[in-house]
Amino acid sequence: MDTSRYRPKNFILEILAILLALVFLSPFYLVLSNSVKSLKEILLDAASLPAIFHWDNYSKVWDAINFPQAFWNSLSITILSVIFIVMFSSMAAYQIVRRPSRFNSFVFLLLVSAMIIPFQSLMLQLVRVTSILELRGELYGIVACYLGFGMPLSVFLFHGFIKSVPYELEEAARVDGSNPYGVFFRIVFPLLLPIIVTVIILNTLWIWNDYLLPVLVIGGNKDLTTLPVAVTKFFGQYTKKWDLALAGLVMAILPILLFFLSLQRYIVEGVTAGSVKG
């Protein structure tokens, strides 16, 4: 069979794919190139390559926002929040799947329904509740909020994946004398590794890059300022220091970008496994 007539079509598709990739990569080019320009050069021509590389933009940002402290705050908040989300979401999904009842079905429906509620509609109530419970400006306060907002999607993902875990393994563990906690943590939890990695990646990307929730909950506590909040220091009412802001943005996204690229294949594997099995 002559396949030469299909080559022009494949060539066109390849060209379109390359153009589409360039469109998606263009924001990265703009951020990286402008992060080493002077403010004047950015305002004159943001799309051009730097005439002079101002690497000192990064050192200025390091001192201006106290980068080590902001980085540690983002890291600690992200790690603690993700650990609690994984633990509580996996246990809740396991209970819902293995103990079917009207109450558990209602709880699952309630959690899934929470995913469609816009965060903006909860902002005022969130500020009031966190103030009443004395959670504002505290590390445990922001972690508790991330746990609450992160559980619905995480429970949904765990719920689909746990259905694929053979129930016979749990029965065998019970026959050997294992208690319910031993069955979950020794038998079930290790088998959830693909979806655990997926949940970790999705929540890490969200929490690390989040700006609005830290502003509402942390407030004026500068000791807990995260990187997204710290970068906004360069945007004032009358002046905007784009050269420093873009350099700070590169410093903020580089760790999470490397984290995502190293683990991205688990996202498709985990979501697919949880959606087609069971």
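**Entry 1: the model.** I worked from a predicted model.

**Entry 2: the surface patch.** I looked for nonpolar residues grouped on the surface. I found a patch formed by Phe 11, Ile 12, Leu 13, Ile 15, Leu 16, Ile 18, Leu 19 and Leu 22. Together these residues have about 780 Å² of accessible area. I then looked up the place of one of them, Leu 16, and found that Leu 16 is in helix H1, which runs over residues 7-34.

**Entry 3: the largest pocket.** I recorded about 520 Å³ of space in the largest pocket. I noted 21 lining residues, with Ala 114, Phe 149, Gly 150, Pro 152 and Trp 206 nearest the centre. Which helices each supply at least two residues of this lining? I listed H5 (102-114), H7 (139-162), H10 (193-209) and H11 (212-218). Helix H7 gives the most, with eight residues.

Entry 4: For the second largest pocket I noted a volume of about 180 Å³. Its lining consists of Met 91, Tyr 94, Gln 95, Arg 99, Arg 174, Pro 180, Tyr 181, Phe 184 and Phe 185. I traced two or more of these residues to each of helix H4 (67-98) and helix H9 (180-191). Helix H9 gives the most to this lining, with four residues.

Terms used: Residues are numbered from 1 along each chain as its sequence is written. This is a predicted model: local features need pLDDT of at least 70, side-chain atom pairs count only at pLDDT 80 or more; totals for chains, interfaces and linings use all residues. Side-chain values use heavy atoms; hydrogens and water are left out. Patches are made of residues with over 30% relative accessible area and no salt bridge: like charges are joined within 9 Å, nonpolar side chains (Val, Leu, Ile, Met, Phe, Trp, Tyr) within 5 Å. Accessible areas come from the Shrake-Rupley method with a 1.4 Å probe; for residues, only the protein chains shown count as cover. A salt bridge is a side-chain nitrogen of Lys or Arg within 4 Å of a carboxyl oxygen of Asp or Glu. On a 1 Å grid over the protein atoms alone, a cavity is a set of points where a 1.4 Å probe fits but cannot get out, and a pocket is an open set with protein on both sides within 12 Å along at least five of seven lines; lining residues have an atom within 4 Å of a point. Grid points are joined across faces, edges and corners, and a volume is the space filled by probe spheres set on the points.
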